Amino acid sequence: REIKPKRGYWGRLGTDIWKEWDLYLLLVPGILFILLFKYTPMYGITIAFKDFNIFTGFADSPWVGWKHFEKLFTSPDFAQVFKNTVIISFLKIVILFPLPIMIALMLNELRNMVFKRTVQTVIYLPHFLSWVIVGGLFIDLLSTNGGIVNKLLVSLGMEQIAFFLDNSVFRGVLITSAGWKEN
């Protein structure tokens, strides 16, 4: 009887691929998708380390290393910007994460199917709008120059609110617009 030498991992893998070539062929579209849409865009990360010029492009823009990061971290506004980012992210998680669950539970309790489907459709429609349209809607609604909300406030004898300029209300506007569009 003939003694076959032990084959290593790569030898066994080659044999497996040869035997089950049709199954491995099914992997090709998925691997190509990952390479094309997940790894290829990573080349764009290099823009952070270059003094990018739109006319010279990625390849010919001069390499500046950590210059932009040093500018960011030494900026006097960095602490405030970082704090706002953390607070807004926290508020989005705390408020917007449970919101769709609560809406789903409330809709589940509705008995009138026509009303239930209508509410589901109306709630889901903003998801299909682009952020540009949502931003325009919120600007039109909340603007101090002819916004419907500020017109209502003035008609009720109150003062206008600069929703996009007032630090005390801007986070609420941001959370509300994100919640309205994505939940």
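Visitor: At what angle do helix α6 and helix α11 pack?

Guide: Helices here are DSSP runs of H or I, at least four residues, numbered from the N terminus. Axes are lines fitted to C-alpha atoms over the stretch in contact, with angles from 0 to 180 degrees between N-to-C directions. This is a predicted model, where local features need pLDDT of at least 70 and side-chain atom pairs count only at 80 or more, while totals for chains, interfaces and linings use all residues. Residues are numbered from 1 along each chain as its sequence is written, and side-chain values use heavy atoms, without hydrogens and water. Now the case: α6 (residues 78-96) and α11 (residues 167-182) pack at about 45°, axes 10 Å apart.

Visitor: Why are α6 and α11 called oblique?

Guide: Under 35 degrees is roughly parallel, over 145 roughly antiparallel, 65 to 115 roughly perpendicular, and the rest oblique; α6 and α11 are therefore oblique to each other.

Visitor: Which residues in α6 meet α11?

Guide: Contact means heavy atoms within 4.5 Å. Q80, N84, I87, I88, L91, K92, I95 and L96 in α6 meet R171, L174, I175, A178 and G179 in α11.

Visitor: And which residues make up the largest nonpolar core?

Guide: Nonpolar side chains tend to be buried together in soluble globular proteins. A core joins buried (under 20% relative accessible area, 1.4 Å probe, protein chains only) Ala, Val, Leu, Ile, Met, Phe, Trp, Tyr and Cys residues through side-chain atoms within 4.5 Å. Here the largest has 5: V134, F138, L142, F163 and V173. Helix α9 (residues 131-142) gives the largest share, 3 residues.

Visitor: What does L142 touch?

Guide: Leaving aside neighbours within four places in sequence, L142 is in contact with V149, N150, I161, F163, F164 and V173.

How values were computed: Buried means under 20% relative accessible area, exposed over 50%, partly exposed in between (1.4 Å probe, protein chains only). Helices (H or I, at least four residues) and strands (E, at least two) are DSSP runs, numbered from the N terminus.
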